[in-house]
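Subject: Structure handover

Hello,

Please find the structure below, followed by notes on what was found in it.

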Amino acid sequence: MGVRGLVLRPYQADILQRATASSAKRKVIQSPTGSGKSKLISEACDAPRLAVLAHAEHLIDQLSERMPSSHQVIGAGARYDGSKHIVGMIQSVANRLDSIPQPDRVLVDEGHHAVSPTYQRILAAWPDAEVQLYTATPQRLDGQGLDAVADDLICGPQYRELIYGGYLKPFEVYSVP
């Protein structure tokens with residue numbers, strides 16, 4: 001069972017244990033699509049001041065549903081209200097850096113985007129925050145590495161382990177004739 005009372009799958013508990021044990025201040029936490037990264041993020045929400053960031057509205061909605069009850073969603077038109085926990089669209093948070101105090105921990109969904117200039121501006125403004133970048137794909141298509149934004153890589157299970165463990169269905173591949 002996790003810190004927020006969620007029932008964790010064994011591999012999720014292992015990922016969180018290894019992430020907690022890592023002394024790195026900035027880490028990439030890799031786990032396949034469908035493995036429950038949103039659940040992992042919600043379990044990492046135990047910092048006094050917290051920022052959860054994503055680049056898409058549907059991700060913000062999903063993350064907000066899993067957050068502790070007292071948090072503010074920072075999006076278009078929203079002014080920061082002093083909340084200790086925020087869930088924010090990356091562009092909106094970047095535009096409000098002068099009013100949002102540095103969090104103790106920053107959690108980024110789709111963390112492979114963290115090398116972009118907007119994320120870099122936020123991370124530079126919060127140099128003392130612990131950063132956890134959650135992603136299924138730590139290898140970017142443009143070849144740019146995540147070593148510029150992280151000091152450790154915590155790898156979750158591979159797809160075949162999740163399939164053999166009964167956590168994911170086997171793939172069904174469709175193609176044109």
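Glu 43 lies in helix α2, residues 37-43. Helices here are DSSP runs of H or I with at least four residues, strands are DSSP runs of E with at least two, and both are numbered from the N terminus. Glu 43 counts as buried because its relative accessibility is 5%. The term buried means under 20% relative accessible area, exposed means over 50%, and partly exposed is in between, with a 1.4 Å probe and protein chains only. From Glu 43 to Ile 122 there are 79 residues in sequence, and their C-alpha atoms are 23 Å apart in space.

Before going further, note that this is a predicted model, in which local features need pLDDT of at least 70 and side-chain atom pairs count only at pLDDT 80 or more, while totals for chains, interfaces and linings use all residues. Residues are numbered from 1 along each chain as its sequence is written, and side-chain values use heavy atoms, with hydrogens and water left out.

The whole protein

The protein has six helices and seven strands. Read from the N terminus, their order is α-β-α-β-α-β-β-α-β-α-β-β-α. Along the principal axes, the C-alpha trace spans about 50 × 40 × 30 Å. How does the radius of gyration of the protein agree with that of a compact globule? For 177 residues such a globule would have a value near 16 Å, and the protein has 16 Å, so the two agree. This radius is taken over C-alpha atoms, and the globule rule is 2.2 Å times the number of residues to the power 0.38.

Of the 177 residues, 49% count as buried. Among contacts with a separation of 6 or more, 71% come from residues 24 or more positions apart; a contact means heavy atoms within 4.5 Å. The protein exposes about 9,400 Å², and carbon and sulfur atoms supply 52% of that area. Accessible areas come from the Shrake-Rupley method with a 1.4 Å probe, and for residues only the protein chains shown count as cover.

There are 18 positive and 19 negative charges, and their mean positions are 2 Å apart. Lys and Arg count as positive, Asp and Glu as negative, while His and the chain ends are not counted. Each charge is placed at NZ of Lys, CZ of Arg, CG of Asp or CD of Glu.

Aromatic pairs

Rings of Phe, Tyr and Trp (its six-membered ring) pair if their centres lie within 6.5 Å; planes under 30 degrees apart count as stacked, over 60 as edge-to-face, and the rest as tilted. By this rule there are two aromatic pairs. In one of them, the ring centres of Tyr 11 and Tyr 167 are 5.1 Å apart and the planes stand at 70 degrees, so the pair is edge-to-face. This pair links distant parts of the chain, 156 residues apart: Tyr 11 is in helix α1 (residues 10-21), and Tyr 167 is in the segment after α6 (159-164). Tyr 11 counts as buried at 10% relative accessibility, whereas Tyr 167, at 29%, counts as partly exposed.

Tyr 159 and Phe 171 form an edge-to-face pair, with 5.5 Å from centre to centre and 70 degrees between the planes. Tyr 159 is in helix α6 and Phe 171 in the segment after α6, 12 residues apart. At 32% relative accessibility Tyr 159 counts as partly exposed, and Phe 171 counts as exposed at 58%.

Val 52 is in strand β2, residues 50-54. Is Val 52 buried or exposed? Its relative accessibility is 0%, so Val 52 counts as buried. Leaving out residues up to four places away in sequence, Val 52 touches several residues, including Ile 41, Leu 63, Met 67 and Leu 107.

His 112 is in the loop between β5 (105-109) and α5 (117-125). At 12% relative accessibility His 112 counts as buried.

Glu 110 is not a glycine, but has a positive phi of about 60 degrees. Most residues other than glycine have a negative phi. With a relative accessible area of 26%, Glu 110 is partly exposed.

Regards
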